[in-house]
Every structure is written in C-alpha cells, then in structure tokens.
Amino acid sequence: MSEQQATTYDYQRYRQLLSEAIDETSRLRLISLLISEKARDRLESQRASDRSAMTAETVAKVLGNGRREQFQRG
C-alpha cells in the first residue's frame with residue numbers, strides 16, 4: 001500500500017461495503033476491516049491535512065492581497 005493510500009479515507013469503498021453489510025456476519029466483517037485499516041485514524045489525518053491546507057490558502061490570500069494593495073498605493 002502506498003503512502004497516499006495509507007493516509008486516505010476511502011469514502012466510496014466504505015459506503016459500498018456498508019450497503020452490502022446486510023447481516024450480522026457481514027457487519028462484523030466490516031467493523032473488523034475498519035479497525036484493521038485504522039479507518040478512523042486515517043479520516044482524522046485527512047481532515048487535519050485539509051484544515052492545514054485551507055489555513056495555508058487563507059493566509060496566502062490575506063498576505064497576497066496585502067502586498068498587491070501596498071504596490072498599488074506606492
């Protein structure tokens with residue numbers, strides 16, 4: 001499994017597996033799979049990464065706009 005795959009929460013796959021989990025045995029298999037793949041940890045990691053990216057983008061926009069205004073005034 002590549003590094004990118006190891007840190008990405010696969011919504012589509014888990015949704016598909018959940019829709020197929022129609023009996024207790026298949027639900028227990030899904031739960032076991034989620035635990036073994038550390039799905040919650042990967043989801044939290046992905047959310048943290050998304051938050052960081054959004055913060056960096058916002059900071060870049062704010063700093064970028066400030067510089068443009070400074071050059072336009074000067």
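This is a predicted model: local features need pLDDT of at least 70, side-chain atom pairs count only at pLDDT 80 or more; totals for chains, interfaces and linings use all residues.
Let us begin with the overall layout. The protein has four helices and zero strands, and from the N terminus its elements run α-α-α-α. Helices here are DSSP runs of H or I with at least four residues, strands are runs of E with at least two, and both are numbered from the N terminus. Of the 74 residues in the protein, 14% are buried; buried means under 20% relative accessible area, exposed means over 50%, and partly exposed lies in between, with a 1.4 Å probe and protein chains only. The protein exposes about 6500 Å², and carbon and sulfur atoms supply 54% of that area, as computed by the Shrake-Rupley method with a 1.4 Å probe.

Now back to helix α3, which covers residues 24–36. Its 13 residues reach 18 Å from first C-alpha to last, close to the 18 Å expected, where the expected span is 1.5 Å times one less than the number of residues. L28 is partly exposed, at 48% relative accessible area. Together with I31 and I35, L28 forms a nonpolar surface patch of about 310 Å² accessible area. Such a patch joins nonpolar side chains (Val, Leu, Ile, Met, Phe, Trp, Tyr) within 5 Å, from residues with over 30% relative accessible area and no salt bridge.

S36 also belongs to α3 and counts as exposed, at 55% relative accessibility. The side chain of S36 reaches the backbone oxygen of L33 at 3.0 Å. After α3 comes K38, whose phi is positive, near 50°.

Our last stop is helix α4, residues 39–73. A search of the whole structure finds one salt bridge, meaning a side-chain nitrogen of Lys or Arg within 4 Å of a carboxyl oxygen of Asp or Glu. The side chains of K61 and E57 meet in a salt bridge at 3.4 Å, N to O. K61 and E57 are four residues apart in α4, so about one helical turn separates them. E57 itself is partly exposed, at 46% relative accessibility.

Definitions and conventions: Residues are numbered from 1 along each chain as its sequence is written. Side-chain values use heavy atoms; hydrogens and water are left out. Patches are made of residues with over 30% relative accessible area and no salt bridge: like charges are joined within 9 Å, nonpolar side chains (Val, Leu, Ile, Met, Phe, Trp, Tyr) within 5 Å. A polar contact is a pair of N or O atoms within 3.5 Å; within protein, one must be able to donate a hydrogen and the other to accept it, and residues adjacent in sequence count only if both atoms are side-chain atoms.
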